[in-house]
Amino acid sequence: MRIDSGAWFPIPGFPGYEICADAKIRKQTAKGYKMMSVRVFRGHNIVSLSRGGRQRTFRLRSLVGRTFLRPLRKGEVYTHKNGDTLDDVATNICIMNQSELSRRVGKRGTRRRAVEKVDEQGEVLDAYRSARQAADKNYISLMCVTNRCNGKMKTKVPPFFRWAK
């Protein structure tokens with residue numbers, strides 16, 4: 001991996017465009033160089049490059065990875081080491097298998113919390129693996145269970161739910 005923060009390198013496949021390790025892109029013009037503007041779209045930095053009269057939009061991490069790491073093989077993706085999708089510096093980009101990335105990202109979303117159904121005295125009547133399971137077994141909505149667990153219900157009528165400790 002070639003990383004020199006002060007040096008500019010040509011972007012493969014896009015003549016006239018250069019990128020530095022700090023994820024800045026410039027375009028060669030008749031008067032010198034023009035810095036390219038980077039936009040944020042759906043939580044990722046994107047930039048538009050043109051070649052042969054056609055404009056294409058790329059995620060900045062893919063241009064950094066293509067320039068400083070290597071082209072991707074089948075089943076691989078560029079990803080951020082620290083998880084910050086707006087931090088596209090060359091030292092933060094790595095190549096990972098799509099399946100491994102899916103396993104890592106999928107673990108973030110599965111924050112299942114156990115729920116207990118309790119009576120007025122606080123005695124546990126039943127325990128559930130998740131709020132969804134508690135809602136299904138008691139024929140009430142998921143939102144109702146989570147609101148009761150979070151103490152947001154204005155009425156104090158059974159059934160009572162709380163997050164398991």
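Visitor: Which residues of helix α3 (residues 131-138) are buried?
Guide: This is a predicted model. Buried here means under 20% relative accessible area. In α3, that picks out Ala-131, Ala-134, Ala-135 and Asn-138.

Visitor: Within what arc do the buried residues of α3 fall, seen down the axis?
Guide: Residues three or four places apart in an α-helix point the same way, because a turn takes 3.6 residues. The buried residues of α3 line one face of the helix, so the view down its axis places them within an arc of 100°.

Visitor: Which exposed residues does the face of α3 turned away from its buried side carry?
Guide: Exposed means over 50% relative accessible area. On that face of α3, the exposed residues are Arg-132, Asp-136 and Lys-137.

Visitor: What do the buried residues of α3 pack against?
Guide: The partners include strands and a helix. They are β10 (115-118), β11 (124-128), α4 (142-149) and β12 (160-163).

Visitor: Which residue follows α3, and is its phi positive or negative?
Guide: Tyr-139 comes after the helix.

Visitor: In what order do the three strands of the open sheet stand?
Guide: The pairing is antiparallel. β5 (39-41) and β7 (54-59) are the edge strands, each pairing on one side only. The order is β5-β6-β7.

Visitor: Which residue in β6 is the bridge partner of Val-40?
Guide: β5 and β6 (residues 44-51) run antiparallel and are joined by three bridges. For Val-40, the bridge partner in β6 is Asn-45.

Visitor: At about what angle to β7 does helix α1 run?
Guide: α1 (residues 60-68) lies across β6 and β7. Its angle to β7 is about 90°.

Note on methods
Residues are numbered from 1 along each chain as its sequence is written. This is a predicted model: local features need pLDDT of at least 70, side-chain atom pairs count only at pLDDT 80 or more; totals for chains, interfaces and linings use all residues. Side-chain values use heavy atoms; hydrogens and water are left out. Two strands pair if DSSP finds at least two bridges between them. Helices (H or I, at least four residues) and strands (E, at least two) are DSSP runs, numbered from the N terminus. Contact means heavy atoms within 4.5 Å. Axes are lines fitted to C-alpha atoms, for helices over the stretch in contact, and angles run from 0 to 180 degrees between N-to-C directions. Buried means under 20% relative accessible area, exposed over 50%, partly exposed in between (1.4 Å probe, protein chains only). The arc is that of the directions from the helix axis to the C-beta atoms.
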